[in-house]
Amino acid sequence: MRLKYLFIGLTLVLLGCKESQEEPKKKQALVMAERSEMAELMNEMYAFNESIKQQILDGALSTTYPEKFNNIHSAILTDNSDRDLRFESFSKLFLEAQKQIFEAPQEELITRYNNAINACISCHNVKCVGPIPRIKKLLIE
């Protein structure tokens, strides 16, 4: 009886180890969506704010407000229907807050910088929540 169970067990193991004869499925090529002008601009804004965050932490803000950020009002959005009154008001708020960083005395830099980043977060809470965790990393604690 024991031999019978051993034989059945061995047979199952051998059959289980047999290579599959199925043909591998063809992989479909991934196609990256082209980024909109706005997505590119926001990535530039992120990189810029990341650099000024470090400058503020180092105690020496050495850059100026990039005029290119003003393109937020004209850059082509991924979904053009997102450009509405709320978007326009949030983008104006962000630009004002961003400009105030460069007009701030040293002791107010962190507050004004965080105000600009919070303006981004406020808009994204309404329009596109996906990048919020990434944007929050820009805040100075």
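**Close-up views of a predicted helical protein**

**View 1. Lys68 counts as partly exposed, at 42% relative accessibility.** Here, buried means under 20% relative accessible area, exposed means over 50%, and partly exposed lies in between (1.4 Å probe, protein chains only). The model is predicted, so local features need pLDDT of at least 70 and side-chain atom pairs count only at pLDDT 80 or more, while totals for chains, interfaces and linings use all residues. Residues are numbered from 1 along each chain as its sequence is written, and side-chain values use heavy atoms, with hydrogens and water left out. The side chain of Lys68 joins that of Glu44 in a salt bridge, with 2.9 Å from N to O. This pair connects distant parts of the chain, 24 residues apart: Lys68 belongs to the loop between helix H2 (37–58) and helix H3 (85–101), and Glu44 to helix H2. Glu44 is likewise partly exposed, at 33% relative accessibility. A salt bridge is counted when a side-chain nitrogen of Lys or Arg is within 4 Å of a carboxyl oxygen of Asp or Glu.

**View 2. A salt bridge joins Asp84 and Lys127.** The closest N and O atoms of this pair are 2.6 Å apart. Asp84 is partly exposed at 27% relative accessibility, and Lys127 is partly exposed at 25%.

**View 3. Arg112 and Glu108 form a salt bridge through their side chains.** The N to O distance is 3.0 Å. Glu108 has 32% relative accessibility and therefore counts as partly exposed. The structure holds four salt bridges.

**View 4. Helices H2 and H3 cross at roughly 25°.** Their axes come within 13 Å; axes are lines fitted to C-alpha atoms, for helices over the stretch in contact, and angles run from 0 to 180 degrees between N-to-C directions. H2 is therefore roughly parallel to H3, since angles under 35 degrees count as roughly parallel, over 145 as roughly antiparallel, 65 to 115 as roughly perpendicular and the rest as oblique. The residues making the contact are Met38, Met45, Phe48, Asn49 and Ile52 of H2, together with Phe87, Phe94, Gln98 and Ile101 of H3. Contact means heavy atoms within 4.5 Å.

**View 5. Ser91 lies in helix H3.** With a relative accessibility of 3%, Ser91 counts as buried. Leaving aside residues up to four places away in sequence, Ser91 touches Ile72 and His73.

**View 6. Asn43 lies in helix H2.** Asn43 is partly exposed, at 23% relative accessibility. Apart from residues up to four places away in sequence, Asn43 touches Arg35 and Arg134.

**View 7. The whole protein has five helices and zero strands.** Helices (H or I, at least four residues) and strands (E, at least two) are DSSP runs, numbered from the N terminus. Of its 141 residues, 29% count as buried. Among contacts with a separation of 6 or more, 61% are between residues 24 or more positions apart. The protein exposes about 10600 Å², and carbon and sulfur atoms supply 57% of that area. Accessible areas come from the Shrake-Rupley method with a 1.4 Å probe; for residues, only the protein chains shown count as cover.
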